[in-house]
Amino acid sequence: MIKSTRVAHPSSIMLEVTNHCNLKCITCPREYQYGEQMDVGFMPIDKLKKIIDEAYPYIDSVGLTGLGETLLYKQLPEALQYIRSKNNGIITTISINAHLPNSVELVKKIADHLDTLQISMDGVGEVYEHVRLRGEFPLFYENVKQIVEHCRDRRADVMFNFVAIKENYFNMAEVVQTAGELGVEFVNVTPFNVAAVTAHDIQYYDFFHSEAFIAELKRAKEMADTLPNVELSVWDIKTPNTFQKCHLPWSHFYISWDGYATPCCAKPFPKELNFGNVFDNGLMYCLNTSGYQHFRKLWLENKTPAFCEKCHMVDLKPINLPFELPIN
């Protein structure tokens, strides 16, 4: 409100505990040019704890996820317990692909220390395996079934996140149906973001205005309406998209596994742009570097940086749906 470009203290951060992954998904930016050039690794647990210490006591939520499979991070239980030791009310979230052979056992170790367990779900059967390369749908289905059963009386809520692309959009209703079968309460649909995908340009977004996509989204809604225990939501596709629609310059700050403060989770590649290394200079220093403040100045002027071109926050035009869906 006072047009300051400084951040007094972060209320939300996203820590990329690892960018190693066991799958190769065609929806993931790590599988394209920027991802091919990135360094990979795991965030040292002592560095993670130091970031939490710096963010405390003002931090409200912490996401422990990024471009990799979060359950590959062996110190995940320790990290969640450390956050809980600071304040049991801090909201914690992770995203997984539920495709490790020991996914169920790993979730059992953290379900009481976690608020939201998001599971990537981009299709059913052969569609799933076409999108999530190296994936096996029967293994995924059985893992999710056991995970949901274990989390039923635990702290963690389980949700599906569906990234809609041309190869899977016609499966949205079937994903909702599968959520009902498995007991997954929440399903969110997110349009594919081509910001970090060098193989596509912004013309890809025209697809989300097509009659075919809207009809399938309606079919998914109708399926959800028949399932009393499944709530379907969609990323905000209705409001005008500009740089100012994005809240990430001001909150939910992304820290890469090797400590770099990157602008966002959609394009979290330090070699493309970063605002310093929190391991070397501390969290608050990096969040208020001259580069980051200039980034926010552009936000206040609603001028899109070159780094953010092609993002669906900016270049996906509002979609007028002839029906109502909750916005996530």
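Helices (H or I, at least four residues) and strands (E, at least two) are DSSP runs, numbered from the N terminus. Axes are lines fitted to C-alpha atoms, for helices over the stretch in contact, and angles between N-to-C directions run from 0 to 180 degrees. This is a predicted model, in which local features need pLDDT of at least 70 and side-chain atom pairs count only at pLDDT 80 or more, while totals for chains, interfaces and linings use all residues. Residues are numbered from 1 along each chain as its sequence is written, and side-chain values use heavy atoms, with hydrogens and water left out.

**Helix packing**

- Helix α2 (residues 45-55) packs with helix α3 (residues 76-86) at an angle of about 20°, and their axes are 11 Å apart.
- The two helices α2 and α3 are therefore roughly parallel to each other; angles under 35 degrees count as roughly parallel, over 145 as roughly antiparallel, 65 to 115 as roughly perpendicular and the rest as oblique.
- On the α2 side, I45, L48, K49, I52 and D53 meet E78, A79, Y82, I83 and K86 of α3, where contact means heavy atoms within 4.5 Å.
- By class, this contact of α2 with α3 has 6 nonpolar, no polar and 4 charged residues; Ala, Val, Leu, Ile, Met, Phe, Trp, Tyr, Cys and Pro count as nonpolar, Asp, Glu, Lys and Arg as charged, and the others, Gly among them, as polar.
- Helix α6 (residues 137-151) and helix α7 (residues 172-182) have axes 10 Å apart and pack at an angle of about 50°.
- That angle makes α6 oblique to α7.
- Y141, V144, K145 and V148 in α6 meet T178, E181 and L182 in α7.
- The contact of α6 with α7 has 4 nonpolar, 1 polar and 2 charged residues by class.

**Nonpolar cores**

- A nonpolar core is a set of buried Ala, Val, Leu, Ile, Met, Phe, Trp, Tyr and Cys residues joined through side-chain atoms within 4.5 Å; buried means under 20% relative accessible area, exposed over 50%, and partly exposed in between (1.4 Å probe, protein chains only).
- The largest nonpolar core has 104 residues, of which L15, L48, L64, L117, F160 and F208 touch the most other members.
- Not counting residues up to four places away in sequence, L15 touches M43, L48, I51, I52, V62, G63, L64, T65 and I255.
- A second, separate core has 10 residues, including C25, M38, L67 and A196.
- In soluble globular proteins, nonpolar side chains tend to be buried together.

- T262 is found in strand β11 (residues 261-262) and is buried, with a relative accessible area of 0%.
- Among the residues that T262 touches, not counting those up to four places away in sequence, are Y254, P268 and Y292.
- W235 is in the loop between β9 and β10 and counts as buried at 11% relative accessibility.
- W235 and P318 are 83 residues apart in sequence and 11 Å apart in space, C-alpha to C-alpha.

**Backbone features**

- Most residues other than glycine have a negative phi, and most peptide bonds are trans.
- The peptide bond from Y56 to P57 is cis, with omega near 10°, and P57 lies in the loop between α2 and β3 (61-63).
- K3, in the segment before β1 (12-15), has a positive phi near 65° and is exposed, with a relative accessible area of 59%.
- H252, in the loop between β9 (231-234) and β10 (253-255), has a positive phi near 50° and is partly exposed, with a relative accessible area of 23%.
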